[in-house]
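Please read the following explanation with the sequence and the model side by side. Each paragraph takes up one part of the chain and relates it to its surroundings.

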Amino acid sequence: MSENESKKARREAARERARLARAKEQARRRRNKTLGISGIIVGALAVAAIVVVVVANSVQPAGPGPRNMASDGVLLKGSNGQIVPVTTKATPEGGTPTPTKQDDSVANITVYSDYMCPYCNQFETSQMSQIKQWVQDGSATLELHPFNLLDRVSLGSKYSTRSAAAAACVANYDPDAFLAYNTSLYENQPSESTRGLTNDKLASLAKAAGATNEHVASCITHQTFAGWVADATNRVLNDPIPNSSLDKVTGTPTVIVNGKQYNGSLTDTDAFAAFVEQNGGKA
């Protein structure tokens, strides 16, 4: 083979190697493109699946409300010197609460509160003793509406919802213990910006308060009425408040006596007693 022929052969061999390299690179790019598209599709499907799971887990079925809270609150009256809850049927799934029919001859005291609210605790600690006395002697009624205004201050544990749902469990299964449990939740109130009490601790406090029905503990630990708490809170924060002129609740505690909101000192018992008497009560 001459030198010219040898050079020509080497050039042709080089061109062939280059052609094969280009073909290999083109094949690699096609393969990566296909894999990339497949990865995007799979990734999108995975994200969609995660979103579906998150949404499914975050949306709780409405379910019926607790028994003895047809108004979204527990109504307590005096009977033979004792404070007793008024029993009611549960609000059915998809139904609306039934406002309490009040007796204007007495002081109808209605309290909207959050078990993590320190101001609610001030009102509870200062005023509840005289309120209980008025209820016992028949000169007043007391209606308690727990809801979840302060979920945001419990480090993601939703303590306001959990404690209100626990109170609903007691109302549903052992209503005679509701007032004592309400008191216990304030006596054991956690500080804001903490995770609050565990569900097991909430169940333990319920038992200590006299809620001995066998279903109370599991109702609390499984948060059976968390969905109802969300619904009740939505109503309180967006709808007109029954038996009052309030368009909605804007803070806690919201205390209403015979339709009028109390805006005085939470800790001054004389001021509150004067307000109750001024608004139709016999305190």
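S193 counts as exposed because its relative accessibility is 52%; here exposed means over 50% relative accessible area, buried means under 20%, and partly exposed lies in between, with a 1.4 Å probe and protein chains only. S193 sits in the loop between α4 and α5 (199-208). Helices (H or I, at least four residues) and strands (E, at least two) are DSSP runs, numbered from the N terminus. The model is predicted: local features need pLDDT of at least 70, side-chain atom pairs count only at pLDDT 80 or more, and totals for chains, interfaces and linings use all residues. Residues are numbered from 1 along each chain as its sequence is written, and side-chain values use heavy atoms, with hydrogens and water left out.

The backbone of S193 also deserves attention. Most residues other than glycine have a negative phi, and most peptide bonds are trans. S193 is not a glycine, yet its phi is positive, at about 65 degrees. L155 belongs to the loop between β4 (140-146) and α3 (159-173), and it is exposed, with a relative accessible area of 54%. The peptide bond from T252 to P253 is cis, with omega near -5 degrees. P253 is placed in the loop between α7 (226-238) and β5 (254-257).

The next element to consider is α5. Which residues of α5 are buried? They are N199, L202, A203, L205 and A206. These residues cover an arc of only 160 degrees around the axis, and therefore lie on the same side of α5; the arc is that of the directions from the helix axis to the C-beta atoms. On the other side of α5, the residues D200, K207 and A208 are exposed. The cover over the buried residues of α5 includes α3, α4 and α6 (216-221), where contact means heavy atoms within 4.5 Å. After α5 comes G210, which has a positive phi near 110 degrees.

The strands may now be taken together. Strands of a sheet pair through backbone hydrogen bonds, either parallel or antiparallel. In this model, 6 strands form an open sheet with mixed pairing, in the order β2-β1-β4-β3-β5-β6; two strands pair if DSSP finds at least two bridges between them. The edge strands are β2 (82-85) and β6 (260-261), each of which pairs on one side only. Strand β1 (residues 74-79) pairs with β4 in the antiparallel sense over 3 bridges, and the bridge partner of V74 in β4 is L144. By contrast, β3 and β4 run parallel and are joined by 7 bridges; there, Y112 stands opposite H145 in β4.

How many residues of β4 are buried? The count is 7 of its 7 residues. In a regular strand the side chains alternate between the two faces of the sheet. Both faces of β4 are covered, with A140, L142, L144 and P146 buried on one side and T141, E143 and H145 buried on the other.

Helix α2 contains W134, which counts as buried because its relative accessibility is 9%. W134 and I83 are 51 residues apart in sequence and 9.9 Å apart in space, C-alpha to C-alpha.

Rolling a probe the size of a water molecule over the atoms shows where empty space is left. On a 1 Å grid over the protein atoms alone, a cavity is a set of points where a 1.4 Å probe fits but cannot get out, and lining residues have an atom within 4 Å of a point. A search of the whole structure finds 1 cavity of 30 Å³ or more. The largest cavity holds about 60 Å³ of space; grid points are joined across faces, edges and corners, and a volume is the space filled by probe spheres set on the points. Its lining consists of V111, S113, C120, F123, E124, M128, L144, N182, Y186 and P253. At least two lining residues come from each of β3 (107-113), α2 (118-136) and α4 (178-187), and α2 gives the most, with 4 residues.

Note on methods. 1 Å grid on protein atoms, 1.4 Å probe; cavity = no way out; pocket = protein on both sides within 12 Å on 5 of 7 lines; lining within 4 Å.
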